[in-house]
Amino acid sequence: LCLPENYQMKYYMYHGLSWPQLSYVAEDDQGKIVGYVLAKMEEEAEDDPHGHITSLAVKRSHRRLGLAQKLMDQTAQAMVETFNAKYVSLHVRKSNRAALNLYTQALKFQISEIEP
C-alpha cells in the first residue's frame with residue numbers, strides 16, 4: 001500500500017501504539033488493503049476531548065462505494081466509546097476539492113477555519 005502522506009514510519013508507529021483502537025483498514029474480497037483511516041485523540045486539547053483524523057485514503061478504483069464513510073464512522077464511534085470524544089477534527093487542503101466535498105457534503109463536517 002502506498003500511503004498518500006510523507007510521514008516517517010515512527011509517526012505511524014506512534015499512532016498504532018498510542019491509539020490502536022482508532023485506525024482501520026478496508027480490504028477488497030482478495031484481502032488487499034484498499035483504504036485506511038489513521039486517527040488519534042488530540043493530546044493538547046484545551047476544550048472537550050476530541051479526536052483527530054490524521055489521514056484518510058481510499059484507492060481510486062474503490063472510491064464512491066461508501067468506504068470512506070464506513071472508515072470514518074468506525075473511527076468516530078471508537079473515539080466516543082473509548083475516549084468520550086465530543087467531536088472529530090481534521091485538516092484538508094483548500095485545493096483538495098474532492099476531499100472538501102466528501103467531508104462537507106457526505107460526512108457533514110463543518111468548516112471552522114481556513115488557513116492561508
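The questions and answers below concern this structure.

Guide: This is a predicted model, in which local features need pLDDT of at least 70, side-chain atom pairs count only at pLDDT 80 or more, and totals for chains, interfaces and linings use all residues. Residues are numbered from 1 along each chain as its sequence is written, and side-chain values use heavy atoms, with hydrogens and water left out.

Visitor: How many residues of strand β2 are buried?

Guide: Strands here are DSSP runs (E, at least two residues) and helices are likewise DSSP runs (H or I, at least four), numbered from the N terminus. Buried means under 20% relative accessible area, exposed over 50%, and partly exposed in between, with a 1.4 Å probe and protein chains only. Strand β2 spans residues 33-41 and is largely enclosed by the rest of the structure, because the buried residues number eight of the nine.

Visitor: Over how many bridges do β2 and β3 pair?

Guide: Two strands pair if DSSP finds at least two bridges between them. Strand β1 (residues 24-27) pairs with β2 in the antiparallel sense over four bridges, and E27 has I33 of β2 as its bridge partner. On the other pairing, M41 stands opposite G51 in β3. The sense of the β2 and β3 pairing is antiparallel, and the number of bridges is seven.

Visitor: Which residue takes a positive phi in the hairpin of β1 and β2?

Guide: This hairpin has five residues between the strands. The positive phi is near 85°, and the residue that takes it is G31.

Visitor: Is T75 buried or exposed?

Guide: T75 lies in helix α2, residues 67-83. Leaving aside residues up to four places away in sequence, T75 touches L22, Y24, V37, A39 and I53 (contact means heavy atoms within 4.5 Å). Its relative accessible area is 1%, so T75 is buried.

Visitor: How far apart in space are R64 and L102, C-alpha to C-alpha?

Guide: R64 is in the loop between β3 (50-58) and α2, and R64 counts as exposed because its relative accessibility is 83%. In sequence, R64 and L102 are 38 residues apart; in space, their C-alpha to C-alpha separation is 9.9 Å.
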